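Good morning. Please look at the model first.

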Amino acid sequence: MPSMLLLTSLVLQVALTTAYPDIARRVTEGQTVPAVPFPEYPGLPYHAAFNSFNASAQLVDVTGAHAWIAPGPNDIRGPCPGLNAAANHNYLPRNGIATYETVETGLFEAYGLDQSATQVLQQTTTFFDGDPASQRWSIGYHSDATSSLGPLQGLLGEETGICAYGHLKSEGDASITRGDFLAPEMNSNCASYPVFFQELLDLATEMNGGNINAPVLAAHQNNRKLYSIANNPNYFSPAFAGVAFTPAAHLFVFELLANHSAEYPRGLLTPSVLESFFSYTRASDGSLSYTYGYERIPDNWYRRSLEDLWTMPDILEAVAQQCLSYPQTCAVGGNTHGVNTFSGVDIGDISGGAFNSASLTNPAELGCFISQNIQAEAPSSLQNVFDGVALVNALALIPTQLLPALAPLGSCPGLPPGKTVSEYGTGYPGSIIQNSGPRANGP
């Protein structure tokens, strides 16, 4: 029987196809009420009924080899609190250079992130932001340590890492607490800004009595996008980073960082746990202080049950639920001539007619749209980094490494070629992708 999400999706398809051009009006009028309520437990339906807890299996080790150690001067940290905390606890390499083996095992052991999700994360990130031959990528800004060519890589192009000039590839505007890379102020997309973190806490107080849950994060994602449209003249939301990666990252906060117990087998995320994971400390007067790169897994913290993993199908279902509740969140496009001048890009144009905006509320179609876009962007991403024989070798890895890893996004036969950001982003000042520059080597 079709899920309630899909039934509701069918009812709202006509409204969704016309919703995106109205974003500038929504900003002006402050419309942040969801079109339909966002579920307390997103993803596949069985999560809402899960009711098991195993303390010994779910307790995450933060001692010995996994004791917290502050990053050293040459260790890289970036925009994702989960990745930073994993590196500080040696679930990812402490130097901040992720590898295939550590992503597959470390994120599973620390957070219960299923390998159907980690394989998509690993391959898209190496092809967009790292090195597909070495299978290394930086969890923050650029590092020479990712390259399979060593110092010779600098003669071709820079592998960006996921923030700084990783902008618009994996990392996008309107993140949870980071800045927009091309905004006139508060524009580090690697570092967290206390004002945005406090907005999340305030929203949790307003909506849920203080604790952070999935509906709070869905609303926060909507608010962050509306804020960016109203404050960043260069705001731009591309198909992958804007529709898939950024909404998924918001929901990761509850799904992967909540603490679990017999009382709360589906997770409870308190402000204190959130502060630890986001590298904030609170003074006696209640003020918050942020330290770059000091994210920490709390003591006595219990991950998701291994019987209740967060999978790629869950991510697709949850992002589709976000698109259904807050259609403007999933709009591709950006400001065209200053703040509050958002103009959308037609999903049909991007996808060669295969999809429309309503497709993004259907998990199966959403997965195929994301897969199509990844396949379109991968060659151009590699061309920005490699040349000559190195480029030929890198492109040859697309059918052998990238495409098999996209299988969890769904079976999508007969997809027409999709368009790249450089093709559909014409006319948007914030759509230009850069691979190097003066902001490449730091937050």
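In which loop is A164 found? A164 is in the loop between β2 (136–138) and α7. Before going on, two remarks on how to read this. This is a predicted model, in which local features need pLDDT of at least 70 and side-chain atom pairs count only at pLDDT 80 or more, while totals for chains, interfaces and linings use all residues. Residues are numbered from 1 along each chain as its sequence is written, and side-chain values use heavy atoms, with hydrogens and water left out. Helices (H or I, at least four residues) and strands (E, at least two) are DSSP runs, numbered from the N terminus.

Most residues other than glycine have a negative phi. A164 is not a glycine, yet its phi is positive, about 55°. A164 is buried, with a relative accessible area of 1%; buried means under 20%, exposed over 50%, and partly exposed in between, with a 1.4 Å probe and protein chains only. M186 is found in the loop between β2 and α7 too. M186 also has a positive phi, near 45°, without being glycine, but M186 is partly exposed, at 29% relative accessible area.

Next, helix α7, residues 194–208. Which residues of α7 are buried? They are F196, F197, L200, L201, L203 and A204. Down the axis of α7, these buried residues fall within an arc of 160°, so they line one face of the helix; the arc is that of the directions from the helix axis to the C-beta atoms. An α-helix has 3.6 residues a turn, so residues three or four places apart point the same way. On the other side of α7, T205 and E206 are exposed. The buried residues of α7 pack against α8 (214–231), α10 (271–277), β4 (280–282) and β5 (288–290), where contact means heavy atoms within 4.5 Å. After α7 comes G209, with a positive phi near 75°.

S276 is buried, with a relative accessible area of 16%. Leaving out residues up to four places away in sequence, S276 touches E295, R296, I297 and P298. S276 and Y294 are 18 residues apart in sequence, and 8.6 Å apart in space, C-alpha to C-alpha.

A cavity is a set of points on a 1 Å grid over the protein atoms alone where a 1.4 Å probe fits but cannot get out; lining residues have an atom within 4 Å of a point. Grid points are joined across faces, edges and corners, and a volume is the space filled by probe spheres set on the points. How many cavities of 30 Å³ or more does the search find? Four, in the whole structure. The largest cavity has a volume of about 740 Å³. Of the 41 residues that line the largest cavity, L121, F245, A248, A249 and F252 are the closest to its centre. The largest share of this lining, 11 residues, comes from α9.

That is all from me.

Terms used. 1 Å grid on protein atoms, 1.4 Å probe; cavity = no way out; pocket = protein on both sides within 12 Å on 5 of 7 lines; lining within 4 Å.
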